[in-house]
Amino acid sequence: MLFPGLDRRIAEITERIADAAKRGGHGQATTIVAVTKTHGPDAPLAAFDAGLPDVGENKVQEALGKMDDVQVPARWHLIGHLQRNKVKSLDRFVLFHALDSSRLADAIDRFGIQLGKPIGVLMQVNPAREETKGGFDVKEVAGEADRLASMKGILVRGAMTIARNGADESELRATFGAVRETNRVLADAGHPATELSMGMSSDYELAVEEGATMVRLGSILFGERGK
Ligand SMILES: *Cc1c(COP(=O)(O)O)cnc(C)c1O
C-alpha cells in the first residue's frame, strides 16, 4: 500500500463531514475531491480504489500526463487556473473549478460551442480580495452572471473559493458564506448553480457547515507534499 492508512483516514473524514453537515443544517451532500497534485499516478489510483472516484489537479499539463497512466474511470476535476490557449483540454475533465476572468469565460464558451456541448465550470470568487489569488470580486458576480447567462458553450454549475491561509474561524465563515451567497446570485441569473467547491485539508469541516458540496482534500489524504 503506497499510502498506508488511506482507508482509515477517508473513513474518519467521511464521518467528520457527516457531523459537520448535521451541525450546519444546509442539508447538502458533500463529495470529496482527492487532490493528487505533485503525486504520481499511484495517488489517483489509490483514491479510486479507496472509493474516491473524484480526483483534482491544479495544473492541466500535470493532470493530462497522469490521466494517461491511470486506467480506471476516475472523474477528473481541474481545480487551478487555466490559460486561455489551453481551454481545449477541458473536455477531459468533469468540472473546471477555477473560472476566474471574463476573457477565459469567452474562450471556454467558444470551445463549448465548437464541441457541441457546454463546458461545466464553477465561478471562482475571492471574497477576501487577496491580490495573490485569482477569482471574481463578490461585487462583480451579478454582472458577470448576467453576461454568462446567454452563452451556449458554458454552464455555470456553482462557485468555488480558496480561503485565505491563516484565516480564523469567523473569517472562514464569512468567506464561505459569501460564496454560498454567490450561488444564489448565479441561480437568480438562470444558472444551474448548485455546487459549492470550498474547503481544503485545514478548513473542510467549517466549509461543510457552511454548505460545501465539494471539498478539495490533498495533504490530509496523501500526506504533506514535497516542495
Ligand atoms: C492543493 C489544492 C488543494 C488541496 O490542498 P490541501 O491543503 O493539501 O488539502 C485544494 N484546492 C486547490 C485549488 C489546490 O490547489
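Student: How do the residues of the lining of the largest pocket divide into nonpolar, polar and charged?
Tutor: The model is a predicted one. In it, the largest pocket holds about 460 Å³ of space, and 23 residues line that pocket. Sorted by class, the lining of the largest pocket has six charged, eight polar and nine nonpolar residues.

Student: In which hand does H5 pass H6?
Tutor: Helix H5 spans residues 141-149 and helix H6 spans residues 169-188. Their axes come within 9 Å and cross at roughly 35°. The crossing of H5 with H6 is right-handed.

Student: How many residues of the contact of H5 with H6 are charged?
Tutor: From H5, Val141, Ala142 and Ala145 take part, and they meet Thr182, Val185 and Leu186 of H6. Five residues of this contact are nonpolar and one is polar. The number that are charged is therefore, under the class rule that counts Asp, Glu, Lys and Arg as charged, none.

Student: How many residues apart in sequence are the parts that the pair Glu205 and Arg16 ties together?
Tutor: The structure holds 20 salt bridges. One of them joins the side chains of Glu205 and Arg16, at 3.2 Å from N to O. Glu205 lies in helix H7 (residues 204-209) and Arg16 in helix H1 (residues 6-24), so the pair links parts whose separation in sequence is 189 residues.

Terms used
Residues numbered from 1 in each chain as written. Predicted model: local features only at pLDDT ≥ 70, side-chain atom pairs only at ≥ 80, totals over all residues. Heavy atoms only, no water. 1 Å grid on protein atoms, 1.4 Å probe; cavity = no way out; pocket = protein on both sides within 12 Å on 5 of 7 lines; lining within 4 Å. Points joined across faces, edges and corners; volume = space filled by probe spheres on them. Axes fitted to C-alpha atoms, helices over the stretch in contact; angles between N-to-C directions. Helix = DSSP H or I, 4+ residues; strand = E, 2+ residues; numbered from the N terminus. Left-handed = near helix turned anticlockwise from the far one by under 90°. Contact = heavy atoms within 4.5 Å. Salt bridge = Lys/Arg side-chain N within 4 Å of Asp/Glu carboxyl O.
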